[in-house]
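Colleague: Could you walk me through how some helices pack here? Keep it simple, please.

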Amino acid sequence: KNMSKQFDVIVIGGGPGGYIAAIRAAQLGFNVACIDEWKNAKGGPALGGTCTNIGCIPSKALLQSSEYYEHAGHHFADHGIEVKGLGLDVAKMVGRKDTVVKQNNDGIIYLFKKNKVAFFHGRGSFAAAKDGAYDIKVAGTAEETISGKHIIVATGSNARALPGTPFDEVNILSNDGALRIGAVPQKLGVIGSGVIGLEMGSVWRRLGAEVTILEGLPTFLGAVDQQIAKEAHKAFTKQGLKIELGVQVGEIKNGKTGVSIAYANAKGEAQTLEVDKLIISIGRTANTIGLNPEAVGLSLDERGAIVVDGDCKTNLPNVWAVGDVVRGPMLAHKAEEEGVAVAERIAGQHGHVNFNTIPWVIYTSPEIAWVGQTEEQLKAEGRAYKAGTFPFMANGRARALGDTTGMVKMLADAATDEILGVHIVGPMASELISECVVAMEFRASSEDIARICHAHPSLSEATKEAALAVDKRTLNF
Ligand code: FAD
């Protein structure tokens with residue numbers, strides 16, 4: 001007899017890819033289970049994955065707190081606000097971050113109840129494929145096996161360590177340790193100047209650490225439109241972030257009092273960097289630890305990611321995979337879109353993810369956000385384009401804010417005027433980019449944006465002006 005609980009859909013992983021897929025599948029009428037193993041400090045469930053626990057949400061909480069601190073210390077005076085006896089309570093700041101995380105964890109538990117998703121706290125692994133369904137073993141406080149007709153794997157990713165330098169989360173930190181440093185280190189090193197390195201470096205610099213970022217590549221933010229990257233580089237350097245490009249990291253010694261990093265600079269000269277803490281943010285690897293894909297013959301590629309086609313189908317019938325564990329950008333909203341699309345495909349609908357209109361954001365100050373193609377990509381493709389830029393310096397709202405760094409840059413097809421990419425460095429770029437994503441989804445021309453009424457005074461007027469700049473007719477610059 002078969003005692004196992006039967007589900008239409010079992011989702012393994014409760015991060016943004018998994019929990020959203022579970023909710024959408026439940027909305028579509030399926031009987032859904034979601035398995036997630038993340039534990040909070042008390043051993044209870046902590047749904048939301050990397051994003052909620054040690055990624056997007058806690059990093060933004062600390063970025064906000066540290067920015068307030070920097071404003072109080074450096075910018076309030078410009079507004080005629082005197083701050084005396086400014087203090088910093090790192091434990092409280094980190095505690096507030098933990099509260100924000102918990103609100104998000106609990107929010108997902110509530111959403112599962114509301115949508116009747118059965119939640120299993122523990123590790124899910126493939127046990128067997130039989131009778132057109134898959135047996136999934138759940139190892140939590142107890143062990144049980146559940147069975148699902150469709151399986152959606154959303155097991156996410158882990159921080160990649162430097163070979164020979166394991167994370168101890170005391171001195172050598174991944175994003176996990178970087179988000180719970182107990183006191184401001186005097187000197188902080190960061191290896192890797194990607195999104196995570198820049199965001200974490202910014203937090204601790206604002207709180208008073210002397211931050212040095214070592215980057216192996218010779219160009220800063222190579223995937224970003226270079227005009228925007230250069231502007232950001234200038235701003236970060238002015239803030240006191242030391243960024244060394246083109247370095248080759250050698251031996252890293254983790255001592256009792258700190259870390260010493262030997263490296264060759266861009267000129268090939270031997271250097272040593274001594275720091276109290278070192279964050280290593282050199283990328284992330286797909287996570288299938290404990291999933292036991294061999295039991296059913298689920299294919300992984302040479303980098304350990306689950307192999308999927310454009311529709312997130314794996315090599316096995318009715319087994320799907322979404323988010324960081326598959327190809328494509330490691331972004332929470334990409335994972336969510338794939339989760340929704342897969343649930344809809346299971347229901348016989350035609351879910352779709354447009355990879356060309358996935359927005360990218362770096363939540364530094366100034367923020368960096370973009371969608372579509374960069375000028376470098378268009379040049380490499382030999383596509384004829386027009387470019388328009390507009391600086392926040394000429395935007396009234398930015399001046400009122402006291403935050404005039406950066407610009408909006410719009411790229412449009414030379415013949416059709418269709419918007420091909422928008423690149424922003426400046427205040428609230430993360431919010432401003434949404435309009436541009438919508439425009440590109442609707443295949444708008446720059447002229448469309450230029451003719452749309454934007455509220456005054458608002459930062460979004462810079463987007464309209466950048467659209468006007470494509471046709472060389474800015475009104476305020
Ligand atoms: P995850 O969020 O990694 O979730 C996977 C879940 O599956 C985890 O809870 C894990 O415990 C669970 N799991 C794994 N294996 C099993 C198993 N066998 N059984 C049961 N459970 C299992 N992205 C953005 O879009 N915006 C940002 O601002 C942003 N900031 C970030 C900041 C940092 C510091 C980091 C590290 C990442 C950031 N990201 C950001 C990336 C984002 O966190 C990921 O793209 C996103 O979390 C991927 O979602 P996912 O559902 O694929 O996987």
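**Helix packing and one annotated site**

Modeller: H1 and helix H8 (residues 332–346) pack with their axes 7 Å apart, at an angle of about 30 degrees. Axes are lines fitted to C-alpha atoms, for helices over the stretch in contact, and angles run from 0 to 180 degrees between N-to-C directions. Helices are DSSP runs (H or I, at least four residues), numbered from the N terminus.

Colleague: How are H1 and H8 oriented to each other?

Modeller: H1 and H8 are roughly parallel, a label for angles under 35 degrees. Their crossing is right-handed, meaning that the near helix is turned clockwise from the far one by less than a right angle.

Colleague: Which residues make the contact?

Modeller: From H1, they include Gly17, Ile20 and Ala21; from H8, Ala335, Gly339 and Val342 are among them. Contact means C-beta atoms, placed from the backbone, within 7 Å. By class, the contact of H1 with H8 has 10 nonpolar, three polar and four charged residues. Here Ala, Val, Leu, Ile, Met, Phe, Trp, Tyr, Cys and Pro count as nonpolar, Asp, Glu, Lys and Arg as charged, and the others, Gly among them, as polar.

Colleague: Is this predicted or experimental, and how is the numbering done?

Modeller: This is a predicted model: local features need pLDDT of at least 70, side-chain atom pairs count only at pLDDT 80 or more, and totals for chains, interfaces and linings use all residues. Residues are numbered from 1 along each chain as its sequence is written.

Colleague: What about H1 and H4?

Modeller: Helix H1 (residues 16–27) packs with helix H4 (residues 90–115) at an angle of about 20 degrees, and their axes are 10 Å apart. That makes H1 roughly parallel to H4. Their crossing is left-handed, so the turn is anticlockwise. Tyr19, Ile23, Ala26 and Gln27 in H1 meet Ile108, Leu111 and Asn115 in H4. That contact has five nonpolar, two polar and no charged residues.

Colleague: And at what angle do H3 and H6 cross?

Modeller: At roughly 35 degrees; the axes of helix H3 (residues 56–75) and helix H6 (residues 195–206) come within 8 Å. The crossing is left-handed.

Colleague: New topic. Where does UniProt place the "active site"?

Modeller: The unreviewed UniProt entry puts that feature at His456. UniProt annotations may be inferred rather than shown by experiment. His456 lies in the loop between helix H12 (446–450) and helix H13 (461–470).

Colleague: Is His456 buried or exposed?

Modeller: Exposed, because His456 has 11 other C-beta atoms within 10 Å. Exposed means 12 or fewer, buried 20 or more, and partly exposed in between.

Key. Helix = DSSP H or I, 4+ residues; strand = E, 2+ residues; numbered from the N terminus. Parallel < 35°, antiparallel > 145°, perpendicular 65-115°, else oblique. Contact = placed C-beta atoms within 7 Å.
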